[in-house]
Each structure stands twice: as C-alpha cells, then as structure tokens.
Number of protein chains: 2
Amino acid sequence: MKTDKILLDHGSGGKISHRLTTELMLPIFSNSILSELNDGAIFNLEGLRLAFSTDSYTVDPIFFPGGNIGDLAINGTVNDIAMCGGDPVYLSVGLMIEEGLSMQDLEKILSEMGKAAAKAGVTVVTGDTKVVPKGALDKIFINTSGIGLIPPGIDIASHKAKPGDQIILSGTIADHGITILTQREGFSFESTLASDTAPLNHMVRDMLATSPYIHVLRDPTRGGVGTALNEIAEKSQIGIKIYEDKIPLKRDVVGACELLGFDPLYLANEGKLLAFVPTEYTDAVLKTMKKNPYGQDAAVIGEVINNHSGKVVMQTRIGGSRIVDMLTGEQLPRIC
Amino acid sequence: MKTDKILLDHGSGGKISHRLTTELMLPIFSNSILSELNDGAIFNLEGLRLAFSTDSYTVDPIFFPGGNIGDLAINGTVNDIAMCGGDPVYLSVGLMIEEGLSMQDLEKILSEMGKAAAKAGVTVVTGDTKVVPKGALDKIFINTSGIGLIPPGIDIASHKAKPGDQIILSGTIADHGITILTQREGFSFESTLASDTAPLNHMVRDMLATSPYIHVLRDPTRGGVGTALNEIAEKSQIGIKIYEDKIPLKRDVVGACELLGFDPLYLANEGKLLAFVPTEYTDAVLKTMKKNPYGQDAAVIGEVINNHSGKVVMQTRIGGSRIVDMLTGEQLPRIC
C-alpha cells in the first residue's frame, strides 16, 4: 500500500512499518550491518565484537501497573542488545520533555531509570535533554541507545533459524500490551494485569553459557509474538509451526483479550523472549531459563519445519491449523 | 531556582539545564564517565578507547535555509563525537513521527540524512521508528547516537584547559540560531542567512594530526559560545579572556541580532568549534583549520588566564571588559 502520509501503522512493528524500513530506509542508508535488521547492529570494531541498539519510548500513559516509561526505556534497550547475544554495558539517555511536565514526575521517571539500570547492571554514560513548548509533545518521550559486548563464539541473528530448531518462549504473552490498553481506555479490571517490563540480559547470559549454539533470540515487543516469528521465518527462509495450547497466557489476559477483541499473538511484550535452539540443547536451555525469575513459565511452543518457507503456521487448540500473518493495521499506538 | 514544573529553560543548554543535569541526573546515574559531562562519553572497552554520544533533534521548522532536521541530526552527533577527539564510525537513528506527516517530507529528511552520513563518512547501522497519534508530537523528532574511535595519544576533555592555552574559534557565530529564529518568526530578511550545519570530524582529524596536544574541543550549539566557554572555565577551574573584536560574525547576523535584540554569544551554532590549544601549537593548528572549508574564518579569539577562575571575561570593542555569564532564560526553544 502506497500512501502519501505517514499512518500510525507505519510505526506498528507490523507489515507496513516493515515495508517502510525495507523500501525507504534500507536503500538510503545502504550497508550490510543495517540490512540484517536485527534488534541491534552487530559488528566488529578493531577486533571487538559489539552490539549497538537504539529505541525511542513514547508510551501513554507514562506510569502503568508494573512499570513506567523510564524502566521500560532502560529494559528495552538492554533487551535489544541481549537479543544480539551481547552483554549490555553502556547506555545513553535522550529525554524529550514537554514544557510544564511536573518535576515530581520527571524525578520519579529518572529514579526508576536509575534502579532499572542498576538491576540490569548497565551504566548510563551520556545523555541529552530537550524541552519543547507545551503542545509540541505529549509529556515525555525517551530515547535510549546502548552498546554491548558479544562474547567470542556467539553468533546470533534473525536469519540463522534452521530446521531442527525448537522454539522456546520465556513466559506468558501480551501482559504489557493488554495492561497499557486497559489503563488507557480506563477499564478497571479487578485483576492482576501488569506490564512484564524486565531486563533479560542475565537470563540470556546464562542461556548462552548453557548452549552457545542458540541460533536466534528475539524479544517480541511491538507487533507481538506473531510478527516476530514472521520476521524470523522470512529472514531465515524457513517455515515455523507453533501450537496454540502451548503458548503461556495469564487467565486475566485471556479474559481481557476476549472481551476487547484483541489477539494476544499481536500484543506487545516487554520482558519476554523467543529462542530458536537446536533440539539437542533445548532441554538444557529450558532448564536454565526456568531457574531465572523471568523464565519460570518458559515453554517450547513450536519448531522450525521443512515446508511453508517464510510462513508461520499455528495448530489451533481444536486441532485445525491456520497461517499467522504479520500484524497489519495498528492495534495500539504508543504501546512502548 | 527550584521549580515544580519543567520550564523551557531546563532544555536551553544554559544555567538552569546545567543544574538539572548536575543536581538531578548525576546523583541518580552516578558514575565517573557521565560526571565528566563531555559532549559524549569517553571510555575504554576491552582496551579500545571509544566515544559514545546521543542527541535528540526537535528543531522547528524542520526545513530551513542551509539544512533540515535530518542533516542536523547526523552532523550534530558526528560533531559531538569529534569533540571527544573521536573518529565517528557508526550511528543509530531513532525517528519519532507524528501521524499525518507527508511521506514526501519524510523521504526528503531521510535522503538528506543519507547524504550527510556519506559526507561525514559514517554508517547508520541501526534504527527505530515510532509513529504517534496526531497532536502527540509536532511533525518529527529525531534522535541520533553514535560511536567513535579515539586514536591513541589523544586526551581531550572539558576539564583539561590550562593557562597558556589559546582559544581558536573555527568561524562565524550565531548563523544557525539567527536563521531558525528569523524563519520561525516569518521575518524575510533580504540576506544570505543560512544555518552553518556541517560535519567537523574531518577538520578535527587534521587538527589532531597537526597537534595531538589540543586540550579541549567543544561545539558551541545550544547556549552558544558564551555558555560553552563558561562550562569549560568551570570544569577546568581556569579563567577565560576573549576579545569581542576578534569574534568572527557575518554582517547580516550582526544586523539581525541588533534588530531583534539577541546576543550572538548565546545563539546556537551547528558547524563551529572551539579549540583550546597550547600557544606553541596555535599557529600550526590555525593554518590546518583554514585549509578546511569549515575553518576558513578560524581565528584566535582569546586565551586562558591565571585569574578569574571559573569565569569568562570579554574585552569589549570599546576597550572595557565585562563578565560573560552562562545563558539564563531560554532565548529560543527548539533551536536544534
């Protein structure tokens, strides 16, 4: 679809935003590192193997059950670097603030960022603050970028999934997405809905210590598990089969999704990962993950298959099968 | 001044924003790299000496004589890394776009970013695009972050100015600031006013090849030359004397500043630098700068003095002298 204006969907993480990246940006900034389209850039610099990632956070509301824009911004970039197989080390913070934001809110956000950085074991080494006149921005946006070290022997990328890989999901899905949605729309569920925002770098480090042969890591944020799996299927030119009844879901999330008509497969997660692991290492990696607080509900949800190249097929609860496409249309802007 | 709300002045680059950084952010993200408050972070990573910098661009209007938000965003981060003595190598781009921005504007901005990156010799290796609903952001903001390599033997930082240093300014001041101001206010000067946005990394590389003993490099962006010199005087605990009649200024800029009541010492520059150079190397460095298209008007504008520690004193055109303070109060929001 060609449009002459930017639509919300261009930032959804789904099909249209994927096209914006591949058709408009890649040709302009043409280079082999960018064109891999991993969660971060992976490159060698004078013999050092580094991961470098950036993300801007525009979430609305800025405070929500389970987190706020500040810890989300730290955890998001920490996770993007971890998904490259990197140990995040240094982060930058770029604050864009609307004139009139309360100092108390800013202090709380910064304080939560400080705690999140300490928890993840990363250091914020540089920053920038812009203040814009009232109305030029809604409250506060935050960009974080980060640098991580990729240990020798680790070779993880979206295009490396292979037949024989099993797909592990680290826990329940859609927690972040449905929390933001219900907050924003003013629904008051009597529930335990909360964002899953969390740093995954320590769990990833342990997973890689268990097996350095993990092929792909991905945190299914915007666009959800459905879109993330589609991107991997496309880049790796393999087929993916997942089993609906194996996907961990909280009861409250199922309820809210049914009530509101959302598909949890396309809702954002901020503390979950997908790992593509050769079958012989799956049990060991799963065991490692379950020891981590962020991996207790980890489960094998599917595998790479020999047919359906570039596609994701889901065996449904009732035994049928359907194609899971990339997200088309924006379900929920300002989710992260 | 304690306030309970964020003011435009908190992002001015002047006194109040300096305080926000030192009193609120430094204690939270406490670490020795951040507390140096250079234009970027300078650190060793596994034996590699790196510079890492971030900046968000919110300039209004997004297209202006001499440039646009896109090349400004590339040049700004390239320059911040160069001011650390680093050779910028890899950049990230974080786009935050308002729903409804014309695709043509976005294409033009990205295309100018591509050209600016090529000109500076840097590679955009990772990115992120967020689209927010109409009204949540004015048109487009861009964050760029970047990584550069600091060659062995280079040791540049804001606190390293020393008595005996001469201060070189690379060219005319206030060109960017006055251009944005007159554009925004709809003044139509019959003039050649244009932003000076430019990548300074190649000139810096040549300067450091001429003398690796340069003590401080700084690009006087927000807050202008006045604020930049004050920060250096404070961090280095030295006094600075500058001579009003030696500061290069375009005739049209002088005219516009007089008419509108702006002090060019506090207006933003986006393609200029200040260098603190030991006297014995000044002539050679100046000669090198004048060979570069961005250094043709370079001039020695002052020196480090033994008294007035932490202060900047200007000898005026008529022979008097006055203290040049940091910018207080925001002259012009969304300047970069």
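Biologist: Where in chain A does A:G171 sit, and what makes A:G171 count as buried?

Modeller: In this predicted model, A:G171 is placed in the loop of chain A that runs between β8 (165-169) and α4 (175-184). A residue is called buried when 20 or more other C-beta atoms lie within 10 Å of its own, and A:G171 has 23 C-beta neighbours inside 10 Å, so A:G171 counts as buried.

Biologist: Which residues does A:G171 touch, leaving aside those up to four places away in sequence?

Modeller: The contacts of A:G171 are with A:P248, A:K272, A:Y294, A:G295, A:Q296, A:D297 and A:A298, where residues up to four places away in sequence are not counted.

Biologist: Why is A:H308 called partly exposed?

Modeller: The limits are 20 or more for buried and 12 or fewer for exposed; A:H308 has 15 other C-beta atoms within 10 Å, which falls in between, so A:H308 is partly exposed. A:H308, too, has a positive phi, about 55 degrees, although it is not a glycine, and A:H308 lies in the loop between β12 (299-305) and β13 (312-315) of chain A.

Biologist: Where is there a cis peptide bond in chain A, and where in chain B?

Modeller: In chain A the peptide bond from A:D60 to A:P61 is cis, with omega near 5 degrees, and A:P61 is in the loop between β2 and β3 (63-64) of chain A. In chain B a cis peptide bond joins B:D60 and B:P61, with omega about 5 degrees, and B:P61 is found in the loop between β2 (48-57) and β3 (63-64) of that chain.

Biologist: How do you know that the relation between chain A and chain B is that of a two-fold axis?

Modeller: Chain A is superposed on chain B by a rotation of 180 degrees with 0.0 Å of shift along its axis, at an RMSD of 0.0 Å, and that is the relation of a two-fold axis. The same surface serves both copies, since 100% of the contact residues of chain A recur in chain B. Of the residues of chain A, A:L137 comes closest to the rotation axis, with its C-alpha at 2.1 Å.

Biologist: What makes β6 of chain B a mostly covered strand, and in which sense does β5 pair with β6(B)?

Modeller: Of the 10 residues of strand β6 (residues 123-132) of chain B, 10 are buried, and β6 is accordingly described as mostly covered. Strand β5 (residues 87-98) of chain B pairs with β6(B) in the parallel sense, over nine bridges; within β6(B), B:K130 is the bridge partner of B:M96.

Biologist: Which residues have the most contacts inside the largest nonpolar core?

Modeller: The largest nonpolar core has 215 residues, and those with the most contacts inside it are A:I140, A:A275, B:I140 and B:A275. Among the residues that B:I140 touches are B:I62, B:L95, B:M96 and B:I109. In soluble globular proteins, nonpolar side chains tend to be buried together.

Biologist: Why does the radius of gyration of chain A agree with a compact globule?

Modeller: With 336 residues, a compact globule would have a radius of gyration near 20 Å, and chain A has 19 Å, so the two agree. Along its principal axes, the C-alpha trace of chain A spans about 55 × 55 × 45 Å, and 58% of the 336 residues count as buried.

Technical notes:
Residues are numbered from 1 along each chain as its sequence is written. Chains are lettered from A and ligands numbered from 1 in the order in which they are written. This is a predicted model: local features need pLDDT of at least 70, side-chain atom pairs count only at pLDDT 80 or more; totals for chains, interfaces and linings use all residues. A nonpolar core is a set of buried Ala, Val, Leu, Ile, Met, Phe, Trp, Tyr and Cys residues joined through C-beta atoms within 7 Å. Two residues are in contact if their C-beta atoms, placed from the backbone, lie within 7 Å. Copies are superposed by least squares on the C-alpha atoms of residues with pLDDT of at least 70 in both. The radius of gyration is taken over C-alpha atoms; the globule rule is 2.2 Å times the number of residues to the power 0.38. Helices (H or I, at least four residues) and strands (E, at least two) are DSSP runs, numbered from the N terminus. Two strands pair if DSSP finds at least two bridges between them.
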